[in-house]
Amino acid sequence: MPALLIVMGIKFIDAVAGQYQYRPGLWSGGRRRKLLKKSYVKEITPRSENYSQWYSDVVLKAELMDYAPVKGCMAIRPYGYAIWEKLQERLDRRIKETGHQNAYFPLFIPQNLLQKEADHVAGFAPEVALVTKGGDEVLGEPLVIRPTSEAIICDFYSRWIQSWRDLPVLINQWCNVVRWEKSTRPFLRTSEFLWQEGHTCHRTSEEAEEEARKMLAVYKEFIETELAIPVLDGQKTEREKFAGALRTYTVEALMSDGRALQAGTSHNLGQHFARVFDITFLDRDDQLKHVWQTSWGVSTRLIGALIMVHGDDRGLIIPPRVAPTQVVVVPIISKKRRAEVLEAAKGVEAELSRQGIRVHLDDREEYSPGWKFNQWEMKGVPIRLELGPRDLDNRQVLLVRRHDDFREALPLHELAARLPRLLEEAQQSLFDKAKRFLEQNSYHCTDYQEFTGKVEEKRGLFLSPWCGDPECELRVKDDTRATIRCIPFDGPPAEGRCLVCDRPAKYQVYFGRSY
RNA sequence: CGGGGCGUAGCGCAGUUUGGCAGCGCACUUGGUUUGGGACCAAGGGGUCGCCGGUUCAAAUCCGGCCGCCCCGACCA
């Protein structure tokens, strides 16, 4: 085995009980090497041992969040919030490029407003938080803390819209919402979370449909490009759609434990809300008509997806485009050459920074290099540069990639020119890997026996024929806990017989267990 | 909401069976030596043992009640 690998030009280092033996001179000449074995930190439970525990360990140890004294609530710590800010920045740009403006609507919603739309209230009633007192005063009408803002925004829209000339209304808001959840998990399902919600009004049904589809496409492109997470796009079934919507579209991602996660949704609301909130306009033909609406949102849940799609047993792996820190420089400080090394490290930091790379110099002297390596790996920084006396002598820096642990000694003068490319490669490589995982864990399945067995055994996503009857959908859920994630846009045409009831299939749908 | 587990220093835990000075590791502070995969030595600081009540000369430990967190389910856009 070692002989074979040396032939391939790769050198190995013994990894004994999670520690390397350092072999001088190995880094020179731009050679690469690979680790035999990795057991770095014991603070993170291996995924294979307990996936939920792994997830908890990662969010805490990477300092993304901390638990609040209130169940289901959390502080998003600076490092976690920095990731959120990156996501916001990238998505906000896209929302504006497609013609939307940001605005802000109130947190409190009079209870009667929320209750106007029948399906909407039925869907959200079990999970609304209600304010009944302000100070000493018992409120005449209780106030709902927004679980979503359709109701309050529609109340404003009914006043703002009179003419077809006022349309379309294209507004987005970034805010927090509250849903009283029974079981909560950091980022994936919290009682309070951050998100954006777009709310638009249109003159025609076609325009609204186009908007709903367009924003779903924006989500797909955003999530795939920036978060390096491949998603399946499609439509939700009646059972799974948004409470009050005509149709719901969704992008679904597959986590590394084989469970699906709804990463973003876009709703064609039809005229359901316009009718009950009386949002009307006088059209060109002098007729008073109800507007056609959409709403769409993604949340801090995306951070959960990021963790579960890319993370490994050493912690987070953040795609470079959304990484708060893209490159960390760790100087190897020795007593004799401390000043020299630090100066060189600062030079590297400054040069990369000039290139627009988000670089951090970790020059803390109270921690050993090894400690820093582990910490930054837990935090998922894409690239680490090690710079020590030996590197100085060789005018080089040792580069280590987080996502595949490849190491390479780079000449100092080439560094700035090569890093942007290396970061892009890391981004692409993460996407490719996630895509491969999605493909390898997607199955075409037409036999119910086989289906129930495989769902239990392998998880993943199952493309199967479905007759369209909610009863069959429910039966699958009762039997297997899997739900229909979506009716894919670009799926194969319906053919064959329903997975459950054997009647002719109307759709090919993706089934899966989900978060 | 059901089943299971756990609450002792910032974190991880021992001590609870059999009541008797509240401990260990990490982290933290100070000084020194170090620094290429979680360095070492020395000296320190830090506690309402989840909360309330009961038994007892004496409770982290026994009894009753409550609260919270985690895991597995149920529920949930």
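A nonpolar core is here a set of buried Ala, Val, Leu, Ile, Met, Phe, Trp, Tyr and Cys residues that are joined through side-chain atoms within 4.5 Å, where buried means under 20% relative accessible area, exposed means over 50%, and partly exposed lies in between, as found with a 1.4 Å probe on protein chains only. The structure is a predicted model, in which local features need pLDDT of at least 70 and side-chain atom pairs count only at pLDDT 80 or more, while totals for chains, interfaces and linings use all residues. Residues are numbered from 1 along each chain as its sequence is written, chains are lettered from A and ligands numbered from 1 in the order in which they are written, and side-chain values use heavy atoms, with hydrogens and water left out.

## The nonpolar cores

The largest nonpolar core holds 57 residues, of which Leu-64, Phe-187, Ile-223, Met-255 and Ile-307 touch the most other members. At least three residues of this core come from each of domain 1 (2–39 + 327–422) and domain 2 (78–105 + 146–310), the domain bounds being taken from an automatic or database domain assignment.

## Helix 9 and its packing against helix 2

Helices (H or I, at least four residues) and strands (E, at least two) are DSSP runs, numbered from the N terminus. Helix 2 (residues 51–61) and helix 9 (residues 301–310) pack with their axes 11 Å apart and at an angle of about 115°; axes are lines fitted to C-alpha atoms, for helices over the stretch in contact, and angles run from 0 to 180 degrees between N-to-C directions. The crossing of helix 2 past helix 9 is right-handed, a crossing being left-handed if the near helix is turned anticlockwise from the far one by less than a right angle, and right-handed if clockwise. Helix 2 contributes Tyr-51, Trp-54, Tyr-55, Val-58 and Val-59 to the contact, and helix 9 contributes Gly-304, Ile-307 and Met-308, with contact meaning heavy atoms within 4.5 Å. By class, this contact has 7 nonpolar residues, 1 polar residue and no charged ones, where Ala, Val, Leu, Ile, Met, Phe, Trp, Tyr, Cys and Pro count as nonpolar, Asp, Glu, Lys and Arg as charged, and the others, Gly among them, as polar.

How many residues of helix 9 are buried? The count is 10 of the 10, so helix 9 is largely enclosed by the rest of the structure. Among these buried residues are Arg-301 and His-310, as well as Gly-304 and Ile-307.

## Backbone features in loops

Most residues other than glycine have a negative phi, and most peptide bonds are trans. Phe-187, in the loop between strand 11 and strand 12 (192–202), has a positive phi of about 70° although it is not a glycine. Phe-187 is buried, with a relative accessible area of 2%, and, not counting residues up to four places away in sequence, it touches residues that include Tyr-55, Val-59, Leu-64, Gly-304 and Ile-307.

Asp-502 also is not a glycine and has a positive phi, of about 75°; Asp-502 lies in the loop between strand 26 (483–488) and strand 27 (507–512). The peptide bond from Leu-167 to Pro-168 is cis, with omega near -5°, and Pro-168 is found in the loop between helix 6 (150–160) and strand 11 (169–178).

The table pairs residues by sequence separation and C-alpha to C-alpha distance.

| Pair | Apart in sequence | Apart in space, C-alpha to C-alpha |
|---|---|---|
| Asp-432 and Ala-228 | 204 residues | 8.2 Å |
| Pro-369 and Ile-332 | 37 residues | 6.4 Å |
| Ser-256 and Ile-307 | 51 residues | 9.4 Å |
| Tyr-81 and Leu-64 | 17 residues | 7.3 Å |

Asp-432, found in helix 13 (residues 412–440), is partly exposed with a relative accessible area of 33%. Pro-369 has its place in helix 11 (residues 369–378) and is partly exposed at 27%; leaving aside neighbours within four places in sequence, Pro-369 is in contact with Val-330 and Ile-332.

Ser-256 lies in the loop between strand 14 (247–254) and strand 15 (260–270) and counts as partly exposed at 22% relative accessibility. Its contacts, with neighbours within four places in sequence left aside, are Arg-47, Tyr-51, Met-308 and Phe-437. Tyr-81, in helix 3 (residues 78–97), is partly exposed with a relative accessible area of 32%, and with the neighbours within four places in sequence left aside, Tyr-81 is in contact with Ile-76 and Leu-194.
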